Amino acid sequence: MKAVLIAEPGGPEVLLLGEAPEPVPTAGEVLLEVAATAVNRADLMQRAGKYPPPPGASPILGLECSGWIAALGSGVTGWQVGDEVCALLSGGGYAERVCVPATQLMRVPAGLDLVTAAALPEVACTVWSMVLDKPPAAALAPGESFLVHGGSSGIGTMAIQLAAAQGCRVFATAGSAEKLAACRELGAELAVNYREDDFTEVLARHTGGTGVDVVLDTIGAKYLPANLAVLATGGRISVIGLLGGTRGTLDLAALMAKRATVYGATLRARPAEQKAAIVAGTEAHVWPLIEAGRVRPVVHQVLALAEAGEAHRIVAASGHVGKLVLATG
């Protein structure tokens, strides 16, 4: 089968379309004929040799996909060959076919085309599991206030919409006029240009000094003190990215005074039973909002699988809004 292979760790130029062994589903798995996959920053890290796949996962890039079920492994029930699905993967999406545990399948939301559906699993499951789900996730409640950093990213565009659909006050940071406008169009009442303004000062003024209840942070160490400063009493910080480093300083006295919580997790390395619960929760709570037209995946561009290197260049340059999708057809 055709798949995007990594010649050696390096830049986007090391991604080459080649031949890979055909995957065979084991017990509890299904074989998918891939219609499309989507690009995540984790893919760029893995390509560069900085984010190896977890044990047992495919070495091929790709943490999500959409497609048709081509074969069922033993013990799989509730699905049939030919069903259109999207899936959360531990790897293998940049290929014509991939095996995935049946518990990580989701039906394609009604009204959504198959290629666009490839942009859903990672962002929807991440936001559900880190922002909306019960503790230790942030359990964002209707009427609370919410700040997402990188509001124009794939994660950010989904987080803004889901928080707004919860009836929350939504704030975002982004780095250009175009991205700020996109955040506001998706439901952010305030979007702050982090290149020009101190978001802690802007949000302090905007909230009358009360701060925000939940922060979804893709930056990590660099933003830790500022995130705590902007947090309301009883607030929660969910860390899902480390673009700003892995080691920071935390004022424990301030954390205790605010009775605040800092929670961090990755999605890819979670145990299978946790992924199954996240997938089930995402489909139960997020899919109805998509089918009602209140939430939508934001796709910046669809490229061919052979153009994976170009898609990585676009993501690395951070000029996009939403997700980059790679179609096999």
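Ground rules. I number residues from 1 along each chain as its sequence is written, and my side-chain values use heavy atoms, without hydrogens and water. Because the model is predicted, local features need pLDDT of at least 70 and side-chain atom pairs count only at pLDDT 80 or more, while totals for chains, interfaces and linings use all residues.

Helix α4. I took helices (H or I, at least four residues) and strands (E, at least two) as DSSP runs, numbered from the N terminus. I found 12 residues in α4, residues 154–165, with 17 Å from first C-alpha to last. That is close to the 16 Å expected, a span defined as 1.5 Å times one less than the number of residues. I looked up burial (buried is under 20% relative accessible area, exposed over 50%, partly exposed in between; 1.4 Å probe, protein chains only). In α4, 11 of 12 residues are buried, among them M158, I160 and L162. G167 follows α4 and has a positive phi, near 80 degrees.

Helices α3 and α9. I noted that the axes of α3 (residues 121–132) and α9 (residues 272–285) come within 9 Å and cross at roughly 95 degrees. Axes are lines fitted to C-alpha atoms over the stretch in contact, with angles from 0 to 180 degrees between N-to-C directions. The two helices are therefore roughly perpendicular (65 to 115 degrees). Contact (heavy atoms within 4.5 Å) involves A124, C125, W128 and S129 of α3 with I278, V279, G281, T282 and H285 of α9.

Strand β11. I found six of six residues buried in β11 (residues 212–217). β11 runs parallel to β8, with three bridges, and to β12, with five.

Notes. Parallel < 35°, antiparallel > 145°, perpendicular 65-115°, else oblique. Pairing = 2+ DSSP bridges.
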